[in-house]
Amino acid sequence: MTDSKYFTTNKKGEIFELKAELNNEKKEKRKEAVKKVIAAMTVGKDVSSLFPDVVNCMQTDNLELKKLVYLYLMNYAKSQPDMAIMAVNSFVKDCEDPNPLIRALAVRTMGCIRVDKITEYLCEPLRKCLKDEDPYVRKTAAVCVAKLHDINAQMVEDQGFLDSLRDLIADSNPMVVANAVAALSEISESHPNSNLLDLNPQNINKLLTALNECTEWGQIFILDCLSNYNPKDEREAQSICERVTPRLSHANSAVVLSAVKVLMKFLELLPKDSDYYGTLLKKLSPPLVTLLSGEPEVQYVALRNINLIVQKRPEILKQEIKVFFVKYNDPIYVKLEKLDIMIRLASQANIAQVLAELKEYATEVDVDFVRKAVRAIGRCAIKVEQSAERCVSTLLDLIQTKVNYVVQEAIVVIRDIFRKYPNKYESIIATLCENLDSLDEPDARAAMIWIVGEYAERIDNADELLESFLEGFHDESTQVQLTLLTAIVKLFLKKPSETQELVQQVLSLATQDSDNPDLRDRGYIYWRLLSTDPVTAKEVVLSEKPLISEETDLIEPTLLDELICHIGSLASVYHKPPNAFVEGSHGIHQHSADQFAIMKQYFSVLQVWLPATKAKGLEIAGTFSRRQGHMYMDMTFINKALQHMTDFAIQFNKNSFGVIPTTPLPIHTPLMPNQSIDISLPLSTIGPVMKMDPLNNLQVAVKNIIDVFYFSCLIPLNIFFVEDGKMERQVFLVTWKDIPNENELQYQIKECHLNADTVSGKLQNNNIFTIAKRNVEGQDMLYQSLKLTNGIWILAELRIQPGNPNYTGKKKTNATAFSYKLMVHIF
Amino acid sequence: MIGGLFIYNHKGEVLISRVYRDDIGRNAVDAFRVNVIHARQQVRSPVTNIARTSFFHVKRSNIWLAAVTKQNVNAAMVFEFLYKMCDVMTAYFGKISEENIKNNFVLIYELLDEILDFGYPQNSETGALKTFITQQGIKSQHHTKEEQSQITSQVTGQIGWRREGIKYRRNELFLDVLESVNLLMSPQGQVLSAHVSGRVVMKSYLSGMPECKFGMNDKIVIDKQGKGGTADDAGKSELGGSGKQSIAIDDCTFHQCVRLSKFDSERSISFIPPDGEYELMRYRTTKDIILPFRVIPLVREVGRTKLEVKVVIKSNFKPSLLAQKIEVRIPTPLNTSGVQVICMKGKAKYKASENAIVWKIKRMAGMKESQISAEIELLPTNDKKKWARPPISMNFEVPFAPSGLKVRYLKVFEPKLNYSDHDVIKWVRYIGRSGIYETRC
């Protein structure tokens, strides 16, 4: 067989020739022609004009030819929907074929032809195939339901395919079960209807049985689905864990990681003092280590996940630091990840070994790796106090090598060591100063300048050193300029007599010759401080600095918990929640996926708050969310300018709910041109309050190295609904009566096709709680309560008439006019 | 799930492109070529995110396989699938090369249609696939009804890796215990890390659906039996000869034919094997490893233009055994101008293109010692950076298992056919190879 000849075709008149060949009388010739068409399609040529001729070849008893035609159909049907109809008959016929392989092939291919008109014809054959006697056909049909759902979700629901799919979970064949689980999981992710998978102990038992018998891939689908289940008590959690642990010995690393995910999640539910808890922890470590003997790509995925696991439960791998030692021939991406984990596991017990390794790495070839190794030595010094001295001497050895980037990196980390252990290692400053000339990176220059300024009293020629930097002041980066300004002011406060000229020089450079507002502002502040009150100036500039923290770049705990739920997936590789890189994703958390339809539209889409044209190239898009009782502002920063951006900060104007950010903007590295960063800013409502119009308006100021920008956005109100907003029944009754009628508001919700239970379920996910439900004259009445972060209660009555998509709602609240507007916004 | 799968040659031309999901467009094919294959800098991760689309890639010789998705897929699964895809292709047409892929593109499309449905991996055991993806379309039409249902029940069944009705005149099986021993040693001879990763590869030519049970000198099993106090076991392990009675296995993983729940509860390894060759288990040990060779390096810098290197290797196993294919690789600086070597045994050569002295010895018995010394002349450079001194690495092959693992039994039961465990001819072989076996200097 030499099919490669199909790839080499003469250019001119090719289509014409193919057309002729496709209509050739001989079957063999036609097959050859179709092969050529597929080859052309593969390399990206447009062969869609041959559609009718290729479809003509479909009526054949030659399976190979049939498959080729199907492949063509899947590619081009969408561009030729009318022609695609021609194929329908043949599909429907094939679905009745006595050969199960042909039946399955037909139903599989039909699902891939994404043409609305065809999907109508697909329903009947699919229904039959879902109940086919042959498991091969059933397992194919199960996946086909997911395909159809992707094209037309409503149709799948109307035709009752979801129920058929759910029935397949009880199928006798494990592979059918696995595919049904996979299809249901995918559908439930995008489906507004909650509880699609209906995980109950009975179903879980079926899944666990199938787990032992199905293919490796099926095991992955089932384990990933199991990890979304919430066991009702610790006994159930333990019994599931017991049946999942054998999977840790599977040869397929994805099976192992998915099993680890289930166990890591369920561990939370087990009592910490039980024997089983300890045993389980012990069982987790060997399989994680084994993953590192796999192929490099799997090692990489494993290491990214281990990085999370080590942060969540350091005890699992604390004994295993040796397996993370870097091998000379590891690919660079494995090396960098191993290094990261080594630092996390470094402790007093193993620090000697770790340091010896790091020193070895610092002499390797790859620049990034070497830099990271040097930085790691610094982090060891900060993390393990007993090792600080050894780390410093290792760093000094490295500085002696005079390798430019090693020296620069070492100086940056030494600054941090000085901050952590003041008055201990300053004797090495002289050595550092020797390398002043070789520093050409802003980070290193700034670090060195900081050191000189901070310890100016111990360095005889500090003024000369700083003066040498001053010469090219305007060519320096802002970071260096700012540090230099502060350093010279420090120097002046320590040695006022000799340095007056110098300080005047730098102040005038900063205030008069610079366009940078930050630099100017800082310059003016110093200037005024120094000229009015030198004593206060000393207190301000030379004040004691807070100690720096031991652990750097830890993942924020709520994000870490979320990522643990995504072990093995891309989210765990990127260390980002899925909604940061998946379009229209609502997370796999069932609850967060079931946001009320109206609200979903309202905030799941990132809105562009600050267009790049208005902010000198910085674009900010964002949304608000509430996760596990905390509010977040999720934003994407995109740098569309030509220069890099640093020094980000954010500030909110006073607003109706007192919303303020609880942490500074977590952007630590410069944002390069065309780079984007996704951040999640935790918020709280303890800030100053001022009524805004509209009520949920929020005015934001964002600053970066270029300028300060302002924008305003609307906060969806549902993020203010707190988790304990469920009012006691009695209290509800009393309060309802007490609120005067003028505080009541009536409204209608239109076009909402849901029944009372699903509505209340959905509302509950947004912390709107149903207190009571009553049926009056065929109408469902729901009584609900919710509480805002500022303590205001809102009570509601919701009337639902079956068959009438418009709901009538009544809302009452005990607060003032303030709340009126609020209610308007909720729906 | 996987949205599409592309195969490229080294130039970045697409050889195979199969799209499973609507969210993946044709431009994804080009995005990967431009940003990964043609990237100016070598890509530093096997997962790349380009415009909210994630690309997973593996490379086999100069062929790129890339899986594409826009969803939060199971990343480990995608890579495992790509490896599996490579295995399947190799099983069908041998080496993965541009020529072979072009020659078999129709077959590859057929396979991709079968083993990946809407981006969900399906049964991908070659044993099962070969029963119905044959590239002889007409023939499969003539399957009888029984044959057809046999195929489908095998593809979807509990024992998807073996078909019914296999017959051999002679029932025979081969067990290979293949170990790779890994070492990182400091210049002073301190073991920084050492582990053995082993595989038990089985070739089975057995009739019917045989039930097998595999036993080895696993410490946990032996200790359990030891409590029972059978003198029989003690006698057996003495015959083993290595002096070690049992070994501690850190962790092991099994082929999907092994019943994992049974291993978890009883630590017994029972299974119905696939036909032909497959990997039964993988394991890892770190305790009491027999390190077959010890490398003692001595590097002396004589001035700025000369290096003296002396390396001694010592074999550390029974004198009656022979190690083979021994190779010691001593790295040399980039500015090496000339090398003189003297070695007691074997042949040594300076290979300028590899920046190393390669010393080869065909055979070496246990408890022996050999030595090489070399003088390396250096060109004077003004490069301030010191030479990084990569570690000295070693390759070899020894006829025993450095972990100390011994096969105790492999029992075969096939109740339906008339052959018993005694009629099966069994062969066991141990091979220990060097993995990454390095000594820093």
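Trainee: What makes A:Glu360 count as partly exposed?
Mentor: The relative accessibility of A:Glu360 is 27%, and since buried means under 20% relative accessible area, exposed over 50% and partly exposed in between, with a 1.4 Å probe and protein chains only, A:Glu360 counts as partly exposed. This is a predicted model, in which local features need pLDDT of at least 70 and side-chain atom pairs count only at pLDDT 80 or more, while totals for chains, interfaces and linings use all residues. Residues are numbered from 1 along each chain as its sequence is written, chains are lettered from A and ligands numbered from 1 in the order in which they are written, and side-chain values use heavy atoms, with hydrogens and water left out.

Trainee: In which helix does A:Glu360 lie?
Mentor: A:Glu360 lies in helix H19 (residues 351-361) of chain A, where helices (H or I, at least four residues) and strands (E, at least two) are DSSP runs numbered from the N terminus.

Trainee: Why is H21(A) called roughly antiparallel to H22(A)?
Mentor: Helix H21 (residues 388-400) and helix H22 (residues 404-420) of chain A pack at an angle of about 155 degrees, with their axes 9 Å apart. That angle makes H21(A) roughly antiparallel to H22(A), because angles under 35 degrees count as roughly parallel, over 145 as roughly antiparallel, 65 to 115 as roughly perpendicular and the rest as oblique. The axes are lines fitted to C-alpha atoms, for helices over the stretch in contact, and the angles run from 0 to 180 degrees between N-to-C directions.

Trainee: Which residues of H21(A) meet H22(A)?
Mentor: A:Val392, A:Leu395, A:Leu398 and A:Ile399 in H21(A) meet residues of H22(A), including A:Val406, A:Ala410 and A:Ile417, where contact means heavy atoms within 4.5 Å.

Trainee: What makes H12(A) roughly parallel to H14(A)?
Mentor: Helix H12 (residues 201-213) and helix H14 (residues 234-244) of chain A pack at an angle of about 15 degrees, with their axes 10 Å apart, and that makes H12(A) roughly parallel to H14(A). Among the residues making the contact are A:Ile204 and A:Leu208 of H12(A) and A:Ile240 and A:Val244 of H14(A).

Trainee: How does the length of H7(A) compare with the expected span?
Mentor: Helix H7 (residues 116-130) of chain A has 15 residues and reaches 21 Å from its first C-alpha to its last, close to the 21 Å expected at 1.5 Å a residue; the expected span is 1.5 Å times one less than the number of residues.

Trainee: Where does the kink in H7(A) lie?
Mentor: The kink of about 40 degrees lies at A:Leu122, shortly before the proline A:Pro125, and the bend at a residue is the angle between axes fitted to the seven residues ending there and the seven starting there. Both A:Leu122 and A:Pro125 are buried, and the buried residues of H7(A) pack against helices that include H5 (81-94) and H8 (135-151) of chain A.
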